[in-house]
Structure formats: structure tokens, C-alpha cells
Amino acid sequence: MATTPGEDDLQNGVEPKQTLPTASQDSNSEPTTATITGNGDGDLKEEERNGTTSNGADMSKEKGNKTFTMRELLSELKSDEADGTATHYSPESTQQHQVESNAAMQLINSVTGVDEEARSRQRVLTFAATRYASAIERNPDDYDALYNWALVLQESADNVSADSISPSKDALLEEACKKYDEATRLCPTLHDAFYNWAIAISDRAKMRGRTKEAEELWKQATNNYEKAVQLNWNSPQALNNWGLALQELSAIVPAREKQTIVKTAISKFRAAIQLQFDFHRAIYNLGTVLYGLAEDTLRTGGSANAKDINPNELYSQSAVYIAAAHALKPNYSVYSSALRLVRSMLPLPYLKVGYLTGPPAGKPIAPHNDWKRSQFVLNHEGLQQVSKLEQKQTPQNFSGRTGDVTNGDKKLIKIEVPDIFSVSACADLTLPPGAALCIDTINGPVFLIADSWESLDGWLDAIRLVYTIYARGKSEVLAGIITG
């Protein structure tokens, strides 16, 4: 598999080093090739920016680069001037802001752009910066102007060519961070500012490799993502980026701290997916971080904690998420390349095979003593219980409707994907103790108990992903992955 210069390698046991690519930063562009190393060190470019100017002009990286028109900027700035009120500030304060403005403007004026499109965009950004600087001079407490100015600085940093030394991209990002700091001090509930501030800090951290200074910057980034999520909990993009920052941090901290940080990153990716089931970027990132955790666990000879998942199970879980991301976005070459690496780790011809404790078929509420632990298989068609006789040769397709499947003299639980309404964790005194899940179907609820809470997360995600892939009309893609 071809790699780009400077890529990290992913080592799978004692096999020759291979690469597991990751996706690009721009959410609307074809991902570029990157890697995640076997020890969980991520070089993931799944960040999404979510900034808008105070009057709605999109400064975001979440929807791709937008070229601002002079009409948009003039309209915005005219509105700002019309709404402005005269406020008097001390000469010392005014002079200080003027010095800071001049320094920031010198940086922006030095950016030329790498091509004609970038130069055209930079001219618009320079004009906008001039107007925001004027707004700050009139009212140093204008947090909207400070926030928008920070966005302009951040966008200008993206226009600095890789081989440019003047101005420094880092200097532009540092100046942007100062503006975000001032804006959030004046308006502590400005969640977009915390979000984009975290991205700027992350960009600065990436320039410093695996150094102590980078570690401190990644910690600052994670803190700002946390604040952004606290202020706007319904943001899968912020949760995804938070997970990425934690993953980067885990590559720098001492080994004794690493696993805790990685597990926290896993929880952030999982939370992002729970908010948006088809968020393929978070799905893929979760797969890569699980792969890295499997590599670490295998390299250290397994965890001392018997409750921890073994490496083989982690590899299998990783493959589930990567396969799901590919099914949702089959044209992404990064996902295709990663799938080729991990497909053999799936329990083919199934997506997931494991054990669940269930009631007798047809009796969702039964005495606890009647519940039995048995093997279940999940594929693109649904979830089905496997009889003991068939555990070594499980059926490769489903037939009939959701409900009971007759297997000799024994009935088995079977749930077809089209019949599912919802899948959720549940707690009910009528159920046996343990990590319970409820699959609500057109024929009524089906209750099952996972072996552990970690196992429950895996089953919930897998079933939801299969349903999401079906709802998006991509079941045939998933079928192709697992049936070959």
C-alpha cells in the first residue's frame, strides 16, 4: 500500500508494518492518506470547524472553504457600524488595543497565498480584518468582533504556504488564540469560540511533534473542547474533535497515563456517534483508536485486569466500525484502504458474533432461571440466536420475519433489520441483573443481557450501525463487505 512521506506506520503483531489511513480535515473533500500507528498514536485529520461571523457569513471549515463576497462583508460591517454605540475608554486601554491590532494586521498583510484563489481569498480576509480592527478600536468589549477577527486570523493561517517563513503560521494561530481568549472572557457562553479556539491550539500542537510543549497544547485543546461541549452538548463534531485531541495527547503522555486517556477518547467518539448515527468520521475514528488500543494491549502482553477486553476482540471491534464507515461512504479511498487491512479481523460471513443472555423465544418476560446465555450473530439482515448444534456452522442468511425461528424442536430469537424501531440500553427489575439492551420492533420489544457493560456498548453500536446503513440504503455495500 502506498504511503505519503512522513506517515506513521501501523504494526499488527509481528507482521510487517502496514498503514491504516485516516480521513482528511475538510468534511466535503476526498480524504487524503494518513496513518494511525499501532501504539494508538493518531494523525487523524477529522477536525471540523464551526464558526460564523456575527451576521451569518460562514467562516467555517465544516462545510468547506467559502469565498466571501464584498457585499457580504460590507453589509455586515455597515450593520455593525449602524448598531454601534459610543463608549469612552481610557487612553492607555485604547493605545494597548491599537498596538495589538497593528501587530495582528502586520501578520495578515504579510500573507500572500499559495495560488490565485488563495490570494483572492486573502484580500477579502485582509479587508475583513481591517474592519474588525476598527470595530475593536471603537469598542474593545465587542466580543463578536474579537471572535470574527480570530476566525480571519485562523483562516489566514491556512493560506500560509508550507515553505513560507514569513509570516509564521504559528504566529497567526497564536494571535487567533489571543482573540478567542478575549472573546470568551467577555462572553463565557460563546461555545463556537471555544470550539474554534481548540482547533487553533490543536494546529499549533501538531507543529511541535511529541514534545512537552505539544503535550501542554493538547491539554489546552481538550479543555476547550470540553467547554464547547458543556455549552453545546448537541455537537457531534466537537465530541469527535475532542476524541482526536485526546488521542494525540495519549501519544505523548507517560505510559501509565495513556490507557486512561485512550479510553476517554473512545467514549467521546462513541458519544458523537450516539448523537448522529451516520457520522462516518467519528465511526471511522473509533475504529482506528480501538485498533491502536489492540496493538498496545498485544505489545504489552495483555492487561493485568481480567475484565479488560482481549486484543483479538478489540481488533474485531475496530473492524466493525471501519466496515460501517466504508458502507456509509464507499467512495472514500481512505476507508477502502483501511478496510482491506482489517476485513480479515471480522467474524466473516458476519459483522459481529458474540454471546448474549436471552429469555426463551416468544417469552420476553420470563423467570430469571429460564434465561440462557447463547451465541448470537449479526449481519446486514439482522440479529439471530444460534443453537448449540449450529455454533460451529452458523446459517448465512435469514428467512421469515422477526420473532421466533424454529430450529428442530427449539425456537430461536431472530430480529430482522427492517423491523427495528429503536435500540437502547435499559434497566428493569423484571430483567436478570446485568448490562441489558432493548430492541424495540414492530412485533414488540426484545430484551437481552450482555456479558459486560463494555460488551453492551459494542452490541448497541453494531446493531445501530447496521440499521443506519439499512436506512441509508447501503445494506448491499455492507453485504458485499461481509460476504465477499
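# Exercises on a predicted model

Cys177 has a relative accessibility of 9% and therefore counts as buried. The structure used throughout these exercises is a predicted model.

## Exercise 1: Cysteines

Classify Cys187 as buried or exposed, and state how many disulfides the structure holds.

*Solution.* Step 1: the cut-off for buried is under 20% relative accessible area. Step 2: Cys187 has a relative accessible area of 12%, so Cys187 is buried. Step 3: a disulfide requires two cysteine sulfur atoms within 2.5 Å. The structure holds 0 disulfides.

## Exercise 2: Overall make-up

Give the number of helices and strands, the share of residues that count as buried, and the share of contacts that join residues 24 or more positions apart.

*Solution.* Step 1: the protein has 14 helices and 8 strands. Step 2: the chain count is 484 residues, of which 53% count as buried. Step 3: take the contacts with a separation of 6 or more; residues 24 or more positions apart account for 63% of them.

## Exercise 3: Aromatic pairs

Find how many aromatic pairs the whole structure has, then describe the geometry of Tyr195 with Tyr225 and of Tyr467 with Tyr470.

*Solution.* Step 1: the search returns 7 aromatic pairs. Step 2: for Tyr195 and Tyr225, the ring centres are 6.1 Å apart and the planes stand at 70°, so this pair is edge-to-face. Tyr195 belongs to helix α6 (residues 191–206) and Tyr225 to helix α7 (residues 212–231), so the pair ties together parts 30 residues apart in sequence. Both Tyr195 and Tyr225 are buried.

Step 1: for Tyr467 and Tyr470, the centres are 5.9 Å apart with the planes at 50°, so this pair is tilted. Helix α13 (residues 453–471) holds both Tyr467 and Tyr470, which are 3 residues apart, about one turn of the helix. Tyr467 is partly exposed at 28% relative accessibility, and Tyr470 is partly exposed at 34%.

Step 2: ring pairs also join Tyr284, Tyr332 and Tyr335 into a cluster.

## Exercise 4: Charges over rings

Which rings lie under the charged ends of Lys179 and Lys268?

*Solution.* Step 1: Lys179 has its charged end over the ring of Trp149, 4.2 Å from the ring centre. Step 2: Lys268 has its charged end over the ring of Trp242, 4.0 Å from the ring centre.

## Exercise 5: Strand β2 and its partners

Work out how strand β2 pairs with β1 and with β3, and how many residues of β2 are buried.

*Solution.* Step 1: β1 (352–358) and β2 (372–378) are separated by a loop. The two strands are antiparallel, with 7 bridges. In this pairing, Val353 has Val377 of β2 as its bridge partner. Step 2: β2 also pairs with strand β3 (residues 382–386) in the antiparallel sense, over 4 bridges. Here Gln375 stands opposite Val386 of β3. Step 3: β2 is mostly covered, since 5 of its 7 residues are buried.

## Exercise 6: Two prolines

Locate Pro349 and Pro359, and describe the surroundings of Pro359.

*Solution.* Step 1: Pro349 is in the loop between α12 (333–342) and β1. The peptide bond joining Leu348 to Pro349 is cis, with omega about 10°. Step 2: Pro359 is in the loop between β1 and β2. With 6% relative accessibility, Pro359 counts as buried. Step 3: leaving aside neighbours within four places in sequence, the contacts of Pro359 are Pro364, Ala366, Trp371, Ile413 and Phe447. Of these, Ile413 is 54 residues away along the chain, and its C-alpha atom is 8.9 Å from that of Pro359.

## Exercise 7: Nonpolar cores

State the size of the largest nonpolar core, name the element that gives it the largest share, and list some members of another core.

*Solution.* Step 1: the largest nonpolar core has 120 residues; Trp149, Tyr180, Leu383, Ile439, Leu448 and Trp459 have the most contacts inside it. Step 2: helix α11 (residues 311–328) supplies the largest share of this core, 11 residues. Step 4: return to Tyr180, whose contacts beyond four places in sequence include Tyr147, Leu151, Trp197 and Ala200.

How values were computed. Residues are numbered from 1 along each chain as its sequence is written. This is a predicted model: local features need pLDDT of at least 70, side-chain atom pairs count only at pLDDT 80 or more; totals for chains, interfaces and linings use all residues. Side-chain values use heavy atoms; hydrogens and water are left out. Buried means under 20% relative accessible area, exposed over 50%, partly exposed in between (1.4 Å probe, protein chains only). Contact means heavy atoms within 4.5 Å. Rings of Phe, Tyr and Trp (its six-membered ring) pair if their centres lie within 6.5 Å; planes under 30 degrees apart count as stacked, over 60 as edge-to-face and the rest as tilted. A charge sits over a ring if NZ of Lys or CZ of Arg is within 6 Å of the ring centre and within 35 degrees of the ring normal. Two strands pair if DSSP finds at least two bridges between them. A nonpolar core is a set of buried Ala, Val, Leu, Ile, Met, Phe, Trp, Tyr and Cys residues joined through side-chain atoms within 4.5 Å.
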